[in-house]
Structure formats: C-alpha cells, structure tokens
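Please read it alongside the sequence and the coordinates.

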Amino acid sequence: MNDVFVQTCWLVPIYSLIGSVLTLPWSLGLVRRTGPRPAAYLNLLMTLFACLHGSIALSRIWNHPSQQLVFDWLQAADLTISLSVDISPVSVGALELVAGISFLAQLYALGYMEKDWSLARFYGLMGFFEAALSGLAISDSLFLSYALLEVLTLSTYLLVGFWYAQPLVVTAARDAFLTKRVGDIILLMGIVALSAYGAGLSFSELQSWVETSPLPSGTATWLGLALIAGPLGKCAQFPLNLWLDEAMEGPNPAGIMRNSIVVSAGAYVLIKLQPVFILSPIAEDALIIVGTITAIGASLMAVAQIDIKRTLSHSTSAYLGLVFVAVGLGHVDIAFLLLFSHAIAKSLLFMSIGSIIYNITNQNVTEMGGLWSRMPATTTAFVVGSAGLVGVLPLGMFWTWTRWFNGNWAVSWWLLGLLMFVNALSALNLTRVFRLVFLGDPQPKTRRVPEVGWPMAVPMVTLTAMTLLGPWVPQKWPYWLSATAPLGNAELPIVRYSIALIVASGLLGCIVGFRLVLRRAWARPLKVWLRFFQDLFAYDFYIEKAYNLTIVWAVASISKLMAWLDRYVVDGAVNLVGLVTVFSGQALRYNVTGRGQFYVLTIAIATGLLALWSFFGLN
Amino acid sequence: MLSALILIPFIGAGLLAVLPNRFSSSQVKWVAIAIASLAFVVNIIVGYQFDPNQISFQFEEVIPWIDGIGFNYHLGIDGLSLSLLFLNSFLTVLALMSSDRDLPRPRLYYALMLLINVGVSGAFIAQDLLLFFLFYELEIIPLYLLIAIWGGKRRAYAATKFLIYTAVSGILILAAFLGIAFLSGANTFDYETLRSAGLPFEIQLVLLIALLIGFGIKIPVFPFHTWLPDAHVEASTPVSMLLAGVLLKLGTYGLLRFGLGLFLEAWSYLAPWLAVAAAISALYGASCAIAQQDMKKVVAYSSIGHMAFILLSLAATTRLSIIATICQTIAHGLISALLFFLVGVVYKKTGSRDVNQLRGLLNPERGLPVTGSLTILAAMASAGIPGMVGFVAEFLVFRGSFPIFPIPTLFCMVGTGLTAVYFLLMINRVFFGRLSDMVTYLPPVGWGDRVPAIALSIIIFILGIQPNWMVRWSEAQVGRLIAPETVAQVTVLNPKGD
C-alpha cells in the first residue's frame, strides 16, 4: 500500500490546522475590510479538502491490513518518544466521520452564527477543534492521543467560553476545563507510570506489552484506574459529568460536535486502551460500574430538564455510559457501533434544536409549542434523530442492540435490564420534548416562526438522510466499525426475546411520554414526593452542590489558609527576625558611650570568657 | 570567545553610564538593546561552533589570577550552560525592549540591566568556584538598585529583603566553596579538580547542606521563599522578567553544577528529602497562588511551584531527569517571562493588577484583546498544555523522576493540575465577563508592547513542537555529571549526528 493519499493521511488534521491559522488575520482584526466571512469560507474549504482526502484514502485502503507510520519526535537519554499514526479502515473511517460531521456543523454555523461579529474567531476555534479530533482518530500513540485530548480540553474551554462576556459562560468554560483537566492529569499520571514500567507508548505495542507484563496486580489496578480517568472526564461520566451540561452555554454548532464526536473521542481512546484493562479486573469492573451509574443517573436527569439543550446533553452522558459498559465487558465492536450510531443521531438532534433556538432565541421548552407545521424540516430531523437514538426498527441503534444480543457476546440479564431502562427513559424524554416543542398550541414565542434558511437546512437535511442510511454502513462496510469480526453472522441469542423486550421498552417510554400530563406555565407538580424527585433530577442529583461543599470548598479554604500562613507565619517570622535585629541594634547602641574604660571592661570580660571556654571546653 | 560574552555587556554598561546627557531615554534604550543583541549574536556563534557530542568543557579560557590560593579566571561551557546562556541573553534583549520608553535616569537603569547580564552569563560559564561566586554576587547589586530605585510603593522593603536573603545565600555558598577547597587540601578552586576531591561523607553532608540552603533561597524553595513575591510585586516589569526568567535559574544551576556535581555521594543520601521538599514547595506555591488577589503575586507564587519541579528532577538524578532539569529551566524561564510581561502590559494600560477590579479585558474594541489572548496562551503553556514547551519539560520531569520517587512525583503532578486552577481563576476574572466600568477606554497597545510577547510565544511553540532543539545540547554531558567514574562508558547518544 504505497498509495500517495494513504501515505499522506497524517496531513488531514493539518488541513484543519492550516484553516484555523488562516483565520488569524480576521480574528485579530488585521483585515477588517472584507468582514469575517472569508475566514469561514477558508475553513470550510480546508475541511472539504480533509473530507475528500479522507474518502480517497478510505477507498484505497479498503480490505487492506492496517499499517503504521512512525515519526521520531523526542530522544532524551533512555527515553524515545515517537508519534505514530495508524492507517486502517477503522481509523480512516473515524477520520472521515469527524471531517464529515465537522463540515456539516461548519456549514450549519454559517447560518447559525450569521450575526456574530467574531465569526472568524469561531471558525478558527472550530478548525483547531477539528484538527485535534481528526488527529485523535488516526493516532496510534498513547502519548500523541494524550496530547490531543489536552488540546481538546483547551479548545472546549475556548469554544464554550466563546461568548465570554456572559456570566454563565464564564463559569461553564472554567468548569469544563477544570473537570476535564482532573481526568487529564490522572491520565497523565497513568501514562508516566506506564512509560516508566517500560511500556512503549503506542497502542499496537501496548497489546504485546500487556501479554508479557510483569506488573503486580495492585499496580495494574491503579494503572488501569488512572487510564480510565482521562476518558471519564472527556465522556462526561459520573463523577465528572457536569461540565457537558454546563457547556451547553456555548454556541450550538460547537455543541453539535461536542455531543457527538468529542465525547466519542474520549471513548475512542478508551477503546484503544482496552487491552491494558485486561490486566486488572477491578479496572474493568470500575468501567462497568461507572458506565451503569451514569447511564441510569443521566437518563433520569434528562427527564426533568426544561432547557432544550440540556434535555439532550444528559442523554449523551447516558449513551456514553453504555459505551463504557461495553468496553468494560470487552465488547469493543459494540462500543464502536454505539459510538457511530449515537454520534450521527445526536448531531442531527442538536442541529434540529439549534434551528429552533436560532429562530425563537429561547431554550425553555415550556415556552414552545406547535412548531411542527411551521418548521417541517426541523420536525423531521428531530423525529428521525430520536428514532435513530431509541432503536426503532430500520435505524442505527436498533441494529447495534440487536448485534449485542445476537449470541456473539456473553451478555447477561442485568445488561438487558440496563438497556431497557436507558431506552425507555430516552424514549420518554424525547417524546416529552417532542410534545412540548412541536405539538400542542403555539405559544406567544412560537407563533410566527419560519423554517430556517438554506445554510442551516441543507446540512440538517443531509444529516437526516445520513441517519436514515446509517444502518447500511455496518452491513455493507463491516471493517469500518470493527477491526476484528464481521458483524453480520448472527447466532442463537443467549437472552431470548431480548430485542423484542428492548423495542417494547422503547414503546413503553413513548406511551408514557404521550400520556404524561405536561403543564407549561406551571410545571411544578402538586404532590410533595413528585416535587422532590423533580428537583432531585432537575438539579442533577445536587452533584454540583456536593462539589461546592466538598472539593471546591476544600481547595478554596486550604489555599486561603496557606496564603494566610505564608503572609503572617512564614513571612511574619522573617519580619520578626528583622525586627529583633533592628531593636537589638537600637538597644546596643547605648553601649557606644565614648568612654575608654567601658570598652576596656567589655574587652576584658569577653577575653576572660573566651579563656575560660578554651580552658574548660576544649579538653 | 566566552570572555566576549562577559566583556561586551560589561563595557557596554560602562559606555552607557558615561553617555552624554543629551541622549534621550529612548535613544539610550536602543543603544542598550544593540549591545545586548551583540552579546546574543556572540552567543549564537558560540552555539554554532559548539559540538554537542563532545563530553568535556569547550571554549576553555584560563588566566591565573591569585596563585597563592589557586584562584584562576577559568571559563568554559558544556551543554548545560549553553542553553542557559541562550536563555539569559535572549531574555535580556526582550527585557530591555519592554522597558518603559521614558524612564527616569535611563543611563543608570540600562547600565544596571546590562550588569545583570554580565553577572548571570559569568556565573553560567565560570569553571572556578570563586569566580562563580564573584559573578553570583555581582548580579545582586544591580538587581537591588533596580528594585530600590525603579520599584513600586514598598520598594525599599522589598529590595532590602531581597538583599539580605541573597547575601545570606551568598555567605553560605562561599562557606561551602571555601570548605571544599581547604578541606580537600587541593589548594585550588578549579571545578574539575575539586570534582575528584573525594571528601569524607560527613564533611560532604555539611557542605552540601550549606549549599542547599544557599541555593534554596535563590530558587526559592519553601520556607526560604518569602523574598520572591515581594521582590516581584515591587520590581518593574523588565526586572521581574529577568528575575523569574534567569536569576532564579542561578539557584538550580548552582545545585546542579556544584551541589550534585561536587557532592554526589551526599546528594544521593539527601535526595529523598529533596524530593519531599520539592513536592511541598510545589503544592505550597500552587495553593498560595490560588488565594492571591494581585496578578503579579499569582505569577510569582506559580514560579515557586514550577521551580520546585526542577528540584524534584534534580533529586531524582537520572540521566533523563537531569535533561528534564534543563528543559524545565528553559521552559519556566520563557513562560514566566512571558507571563510577567503580559501582566506588566495590563498594569501599564489599566493601572491595576487587582483581580477584583479588572473585568472583561478581552473586549475587542475597548479592552486588550491581543494581550488577553496571549495571556490565555501563556497560562496554558504554564499549565502544561501540549504543543508548548511547558508540556515537554514537565513530562520529562515527571517521567524522569517517577521511577525514583513515585509519590513526590505524583504530588508534583497535582501541583501542575492546580496551575490550571489558579490561572483559570485569574483569566476568568480579569479577561472574561463584561468590561468593568472602571477600566473603559484603555490606551491602545502598540507593537512595542506586543513584539516581546509574540517573540516569546513563538519560541514557546517551536520548542514545544520540536523539543530536540532544546534537548540535544546537553545529552552528552549529563551522563558524566551524575556518574564521574563511568566517563568512558558514556557513548555518543545521538548516532545520527545531527
């Protein structure tokens, strides 16, 4: 495989980076005459290049084994770090997915961000974002992946903080950065340890290293847990889940990327690290436990939200929780499939609600209604996206779950229960949002709403079509989503009727969602226990308060205490020494009297003392 | 060749001091910049002729000075000094560029700035213990005057505190140097000769402790650090840049060259304690920084936290960790200089450094958008975001120290995590949000206030993406430093011979 397009695959992330750098003259205000639009067009063009290059490479590499390109980066003493790039149908496919969704999101942003004066800065950040994501897709080096995850953290911070003048945005950007950073630092600890224990830092080497690993089990457990922490933060899993919800304050086109691809990027790294987790059963269990808690908790939180973006962002955490469970069980192919189906459906849902927010400049679902006849394309997008997410017959998630239970994998009843729960609540939530937003009587804010213009409609409709066609991908191109087994061959399911039960759970969720009494102006239930649960879910199980009372409080008070100690105790001691010196000098100066006798006396006493000391002390 | 590095700024300082009065302040500034750039060019030539694969000292110059006690004017460099020399002459040029255009008493000011350059360069290339000490002391006096004359409100207090602390540090170092020279009976201060002196362990220990406290004050390590925040707050921006960028590095360089180099046996005995001290210092600096209200103090305490990483990797004493020491020294020098410069710009334009007063400075029309963006970049570099030099350096520090001292290393990594916390808090308050009414209609930031920042940022990026350019100078010499008896075994590490 010496094809030019394949060999230069590593250029694809660079395209977006170039696009990002090219926006600088506009975002810095050096070019004002043209307005910021050319920056946007340049970025779209570069992303289009990335798309084309990616698809040519993908078609050339089809049915070929994966290969690695290695670039030497750093050589210091006994440490060699090389950055390697993996070119396989899986990675180039991921690259293509990133470039594709990014292209659609940027096209969408052309409409959504139309009136924003710092459009150039936005596109610069999006290019940066896309570069990091596509780099992650083809990276074969844990070191490089870590670096790119950190770059993602930074660009999330900058994108969420895009409208930096708003107070909620300021805290959201800060929380997003710091929460992810906690995960990143722990991941870095894991990587440093891994490298110190002699593992090469490329994913392909990791596998062989694990097989001959000399690690004791305790160390392996800590290592495994540390490596989980990074993806945990990226995928917004409990206990690092809140940033994603807050990050909804950022611009929506970035939200499309964030909820579909960025969270997947974390899971992608997790999947690649999966061989290491085999070393430690505790780490695998931790993955399953964290995933389950998040899947259940986030599904419940989503049901009680009234901000249209937040109703969906919690569900992102829930689905990524399922991916964690899949990785913990070792079902890597299912994890890939889940990510793929979720990414496409979720980005479509976010495009749909973005159109609504753009038109009525409001995010509160209780103030919307009757939009179906006014925004048909948006409505279609929402319905298709929802169907893709909850597992309705011909769409992506249905096939994913079918595969999970088709007998190739060791699955048990609790997993079925978990899936049914997530699916039912997801269906309920989406039905509830659909009723509030699209059905019912038009509300004052939604009475005269037009459908969005073409820059937003075109990507939305394209993505609708992609969601509908999505299920064919794993059928037709099995190697895209799985490096190992072709997924087509079904065997006898271990859990019978599982698919029927899952579909039934979705149906149940829909029915409950339709039967639910939804008030608009007055959304609080009268019964006390209902209120309790509503508050519990709506305020995210009070996790934020718990943080404020524990870790945030601890860091703040320790730092205040330290600063106080520094100022008054450590520096105080220093100043005390100074004062003592000054005062003793002041006091002693009265001895300088000018009388010769006094000086002679002083000298005599001192000499006497010295003589005594030398006489008695030195024998 | 090496003498030129000392003589050019030295003669230049003298020249500036006697310049006729009719030269305006900005003309004096340009003369000073020209002199410093000349020194930088000489430095580049030295770097060009330097052979990174040669293990021993290069460009040696020996002139006997006081024969009776074996004191020679002995210069020479190896890879460790060379990178620090580069840092010093580069930052001096930038610090001169960022000096105010209409300073009072410009001739004295620029002469003193050049004298600092003389002292630091001299200390980095001196191969004689007493000569190092002379240069080390030489740099104190101009710095004292720079703080005491051009400083802020409490400048007298800060300058005196600095002077006393550093004088104590100097006395301890001198005591240790005299101790090794006299107790070994070698009657020389020559570095190479003393390396093979072979003192008894107890004496090594005593001398090393004196050196540790002496250089510990300079670095500074908790609890000897309290002079630093005061000095930084009162010093003007260029002086802060030099102080954080190169002067603190004399402490770590001294420990590396003399502490580790002369007393390896005692050093390895004390190393676990040093690692613990480094971890404490890192966490202490970070947590103090979180609570500060003055932007300059935040950066000053962050310096304490980041200098501790150098101590950690010095303590680990592996080949990788010594290389990491150099990297972190350079990284911290560049990043802290950039941060102090940017804080200086904010102060110059708004008249305040108080995080409670400033708000929304990122505003593109009436705020300081470019300065703000660069500050975010500098903060991210300091927090160790990949792609910038801080990440490479910290990764090498942690990777180099982890196998030897895992627990202190993990605590230091927590310190890195906290870096993001305090810088983000500062940025969020100062640059995000709505522009506060107090600071509207700021004077525009000219290119003079941007060029040094942009130059630093570019270097930070370049070294972050291509760290080999930072590492390759010192590769060969490191092995010799930590294992003197195995000189013969150290092979050429870079067979590609780039």
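## Overall build of chain A

Of the 619 residues in chain A, 53% are buried, a residue being called buried if 20 or more other C-beta atoms lie within 10 Å of its own, exposed if 12 or fewer and partly exposed in between, with C-beta atoms placed from the backbone. The secondary structure of chain A amounts to 25 helices and two strands, where helices (H or I, at least four residues) and strands (E, at least two) are DSSP runs numbered from the N terminus. Along its principal axes, the C-alpha trace of chain A spans about 110 × 60 × 60 Å.

The model is predicted, so local features need pLDDT of at least 70 and side-chain atom pairs count only at pLDDT 80 or more, while totals for chains, interfaces and linings use all residues. Residues are numbered from 1 along each chain as its sequence is written, and chains are lettered from A and ligands numbered from 1 in the order in which they are written.

The domain assignment of chain A, whose bounds come from an automatic or database source, gives domain 1 (1-72 + 82-140), domain 2 (331-538) and domain 3 (546-617). The centres of domain 1 and domain 3 of chain A, taken over C-alpha atoms, are separated by 64 Å.

## Two helices of chain A

Helix H6 (residues 119-138) of chain A has 20 residues and reaches 29 Å from its first C-alpha to its last, close to the expected 28 Å, the expected span being 1.5 Å times one less than the number of residues. H6(A) is mostly covered, with 20 of its 20 residues buried.

Helix H8 (residues 167-196) of chain A, with 30 residues, should span 44 Å at 1.5 Å a residue, and this agrees with the 43 Å between its end C-alpha atoms. Because 26 of the 30 residues of H8(A) are buried, this helix is largely enclosed by the rest of the structure. Just after H8(A), A:Gly198 takes a positive phi of about 100 degrees.

## Contact between the chains

The contact takes 40 residues from chain B and 40 residues from chain A, two residues being in contact if their C-beta atoms, placed from the backbone, lie within 7 Å. On the side of chain B that touches chain A, H17(B) gives the most, with eight residues. By class, that side of chain B has 26 nonpolar, 10 polar and four charged residues, where Ala, Val, Leu, Ile, Met, Phe, Trp, Tyr, Cys and Pro count as nonpolar, Asp, Glu, Lys and Arg as charged, and the others, Gly among them, as polar.

## Local backbone features

In chain A, the peptide bond from A:Phe238 to A:Pro239 is cis, with omega near 5 degrees, and A:Pro239 lies in the loop between helix H10 (217-234) and helix H11 (242-246). A:Ala236, found in the loop between H10 and H11 of chain A, has a positive phi of about 55 degrees although it is not a glycine. A:Ala236 is buried, with 30 other C-beta atoms within 10 Å.

In chain B, the peptide bond from B:Phe222 to B:Pro223 is cis, with omega near 5 degrees. B:Phe59, which lies in strand S1 of chain B, has a positive phi of about 55 degrees although it is not a glycine, and B:Phe59 counts as partly exposed, with 17 C-beta neighbours inside 10 Å.
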